[in-house]
Amino acid sequence: MLFDSAIIILGFIGLIWGADKFVFGASGLARNLGVSPLMIGLTIVAFGTSAPEIFSSAVSAWDGKPELAIGNALGSNLFNVGVAIGIAAIISPLKPPESLADKELPALLLVTFVSGALLVDLYLGFIDAIVLVAITGFFSYTMFRNRISASTVVETSEKDIAKISNLQAVAYLSLGLALLVFSAEALVHAASSIAESLGISTSIIGLTIIALGTSLPELATSVTSVLKNQDDIAIGNIVGSNIMNLLIVLPFPGLLSAGPIEAELFYRDYTGVLIITLILAWFCYRGIRKDRQIGRVSGIIFLSIYCGWFAFMFFQVYEPAIL
């Protein structure tokens with residue numbers, strides 16, 4: 001198990017480093033081909049921030065472990081709000097940006113409810129995946145048509161884009177892609193091995209270890225943003241990430257490894273996601289309409305919900321062994 005744990009740590013490092021090299025090479029190549037900084041920011045950079053979740057979930061589904069991918073998506077959303085927003089709000093009260101009320105929060109609520117409707121029959125299949133892909137396509141079309149508001153997306157500037165030759169760009173692009181694939185494969189196999197040795201389902205590993213590892217960038221971004229008094233980025237980063245987790249991660253199991261899912265993934269874990277998402281939306285709407293902040297008490301509430309869910313899951317999994 002010690003060896004598998006080391007592989008998991010190296011896998012996370014490889015995913016993050018691979019995503020960075022992929023974005024570096026792809027943005028440099030796009031710059032050389034005359035693509036605008038805005039388009040690079042909306043596509044390549046956005047893909048790079050979600051690459052760890054995307055590749056680890058795709059490999060999980062391809063290897064016949066769909067519940068690892070589903071657990072990753074649900075666990076990441078719980079961690080993002082419960083821990084990332086919770087810690088950020090405890091450090092410094094957050095003022096929700098008004099733009100969230102018109103687009104991002106309704107989108108998050110819609111995607112969360114639709115995901116629940118697709119999972120309620122305890123089966124994630126091809127049609128379910130197509131529904132999520134269609135929603136992703138609609139959101140992507142809307143985003144590019146409206147070019148997204150400057151308050152929620154920071155345009156990539158020329159100085160942030162690599163000035164390298166096409167050959168160097170392709171080399172970095174290939175290296176990043178190889179690291180992403182190899183690291184995701186190693187991560188999934190090591191996580192599955194740990195689950196087997198502990199006698200638990202792969203979904204538990206996805207909900208905990210994998211979700212935590214792939215969500216560390218969101219935690220770092222939110223904490224860094226709140227320290228710089230950039231509350232809009234701290235909150236917008238989490239809302240956008242949670243939307244993408246459900247829309248991009250969940251289709252992989254349906255497309256590559258359709259089948260029934262564990263009842264706990266819906267009744268325990270999706271319910272946790274729904275509750276914490278509704279509370280986040282309520283705090284944000286209240287903050288926008290009444291000019292109030294998501295304060296330290298709210299942050300403690302988020303952390304408490306996450307810890308409560310985690311404790312409930314832990315005792316549910318290990319209660320037979322304890323007794």
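**Note on a predicted model**

1. N229 is exposed, at 65% relative accessible area (exposed means over 50%, buried under 20%, partly exposed in between, with a 1.4 Å probe and protein chains only). N229 sits in the loop between α7 (202-227) and α8 (231-249). Its phi is positive, about 60°, although N229 is not a glycine. Most residues other than glycine have a negative phi.

2. This is a predicted model, in which local features need pLDDT of at least 70. Residues are numbered from 1 along each chain as its sequence is written.

3. L122 also has a positive phi of about 60° and is not a glycine. L122 lies in the loop between α4 (99-119) and β1 (123-124). Helices (H or I, at least four residues) and strands (E, at least two) are DSSP runs, numbered from the N terminus.

4. Helix α3 (residues 66-91) has 26 residues and spans 36 Å from first C-alpha to last, close to the expected 38 Å (1.5 Å times one less than the number of residues). A kink of about 30° is centred on N80 (the angle between axes fitted to the seven residues ending there and the seven starting there). Because 23 of its 26 residues are buried, α3 is largely enclosed by the rest of the structure.

5. Which residues make the nonpolar surface patch of about 780 Å²? They are W62, F126, I127, I130, V131, V133, L255 and L256. Elements giving two or more residues are α5 (126-146) and α9 (251-256). Helix α5 gives the largest share, five residues.

6. L255, in helix α9, is partly exposed at 39% relative accessibility.

Technical notes
This is a predicted model: local features need pLDDT of at least 70, side-chain atom pairs count only at pLDDT 80 or more; totals for chains, interfaces and linings use all residues. Side-chain values use heavy atoms; hydrogens and water are left out. Patches are made of residues with over 30% relative accessible area and no salt bridge: like charges are joined within 9 Å, nonpolar side chains (Val, Leu, Ile, Met, Phe, Trp, Tyr) within 5 Å. Accessible areas come from the Shrake-Rupley method with a 1.4 Å probe; for residues, only the protein chains shown count as cover. A salt bridge is a side-chain nitrogen of Lys or Arg within 4 Å of a carboxyl oxygen of Asp or Glu.
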